Amino acid sequence: MDAILKQKKILKDALILPNITCDLPQFQVDASALNTFKHLKLADVNCHQPGPIDILLGADVFGEIMLNRHLNVQGQSLTAMESIFGWVVLGKTKLSCQRIISNHASYNAVEFHLDKFWQLEELGETKPFTNEEIACENHFKRTHTRDSTGRFVVNFPFRDSSDELG
């Protein structure tokens, strides 16, 4: 079996990070739970002790690394599954420490949009109108009217004279 494992190659793109997550498990696990599997060659012999994560493999690799054998123990919630790295133990066990950790993240869309609204409504720095902008404003004031349907009617403004149009 070891000869087969040495020949197995999996080529994948990888991201190299200084750390993936906190040490896992976060607390010491009761090692007696693993006694049932002490005859197996585990992929991580210290899986019951907190330690850094060496590699995180995605579901795209799962089928390539897992082999067909698994062991379920009657009356325990642990399962051992064989992988190309050795046996991995999955399931629920007792922790030496009973501290509960809860993480919560929330995103409030209403608050986000309200912040954006107030940013848009902030008065910016006012700059004086250019001579051209003043001329356009005066032209509008002099020439606009409303027709019978309530629409505005405005003469086209020309910069200097309409003779330049050709």
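How many bridges join E1 to E2, and in which sense do the two strands run? Four bridges join E1 to E2, and the strands run antiparallel. Strands here are DSSP runs of E with at least two residues, helices are runs of H or I with at least four, and both are numbered from the N terminus. Two strands count as paired if DSSP finds at least two bridges between them.

This is a predicted model, in which local features need pLDDT of at least 70 and side-chain atom pairs count only at pLDDT 80 or more, while totals for chains, interfaces and linings use all residues. Residues are numbered from 1 along each chain as its sequence is written, and side-chain values use heavy atoms, with hydrogens and water left out.

**Whole chain**

Start with the protein chain in cartoon view. Its secondary structure amounts to four helices and five strands, arranged along the sequence as α-α-β-β-β-α-α-β-β. Of its 166 residues, 13% are buried, where buried means under 20% relative accessible area, exposed over 50%, and partly exposed in between (1.4 Å probe, protein chains only). The exposed surface comes to about 14,900 Å², with carbon and sulfur atoms supplying 55% of it; the areas come from the Shrake-Rupley method with a 1.4 Å probe, and for residues only the protein chains shown count as cover.

Select Leu24 and Pro25. A cis peptide bond joins them, with omega at about -10°. Pro25 sits in the loop between helix H1 (2-7) and helix H2 (59-65).

**The sheet**

Next, select E1, E2 and E3. The three strands make an open sheet in the order E1-E2-E3, with antiparallel pairing. Strand E1 (66-72) and strand E3 (86-91) are at the edges with a single partner strand each, so one side of each has no neighbour in the sheet. From one strand to the next the twist averages 25°, taken between lines fitted to C-alpha atoms, for helices over the stretch in contact, with angles from 0 to 180 degrees between N-to-C directions.

Zoom in on the E1 and E2 pair. Met66 is opposite Ser83 in E2. The two strands form a hairpin with five residues between them, and Gly75 in the turn has a positive phi of about 85°.

Move on to E2 (residues 78-83) and E3, which pair over six bridges. The hairpin from E2 to E3 passes through two residues. Leu78 has Gly91 in E3 as its bridge partner.

**Two buried strand residues**

Show Glu82, which belongs to strand E2. Glu82 counts as buried because its relative accessibility is 6%. Its side chain makes a polar contact of 2.9 Å with that of Arg69; a polar contact is a pair of N or O atoms within 3.5 Å, where within protein one must be able to donate a hydrogen and the other to accept it, and residues adjacent in sequence count only if both atoms are side-chain atoms.

Then pick Gly86 in strand E3. At 9% relative accessibility, Gly86 is also buried. Leaving out residues up to four places away in sequence, Gly86 touches Lys41, Leu42, Ala43 and Met81; contact means heavy atoms within 4.5 Å.

**The core**

Finish with Ala33, Phe37, Leu40, Leu42, Leu78, Ala80 and Trp87, the seven residues of the largest nonpolar core. Such a core is a set of buried Ala, Val, Leu, Ile, Met, Phe, Trp, Tyr and Cys residues joined through side-chain atoms within 4.5 Å. Center on Phe37: beyond four places in sequence, Phe37 touches Leu71, Val73, Leu78, Thr79, Ala80 and Val89.
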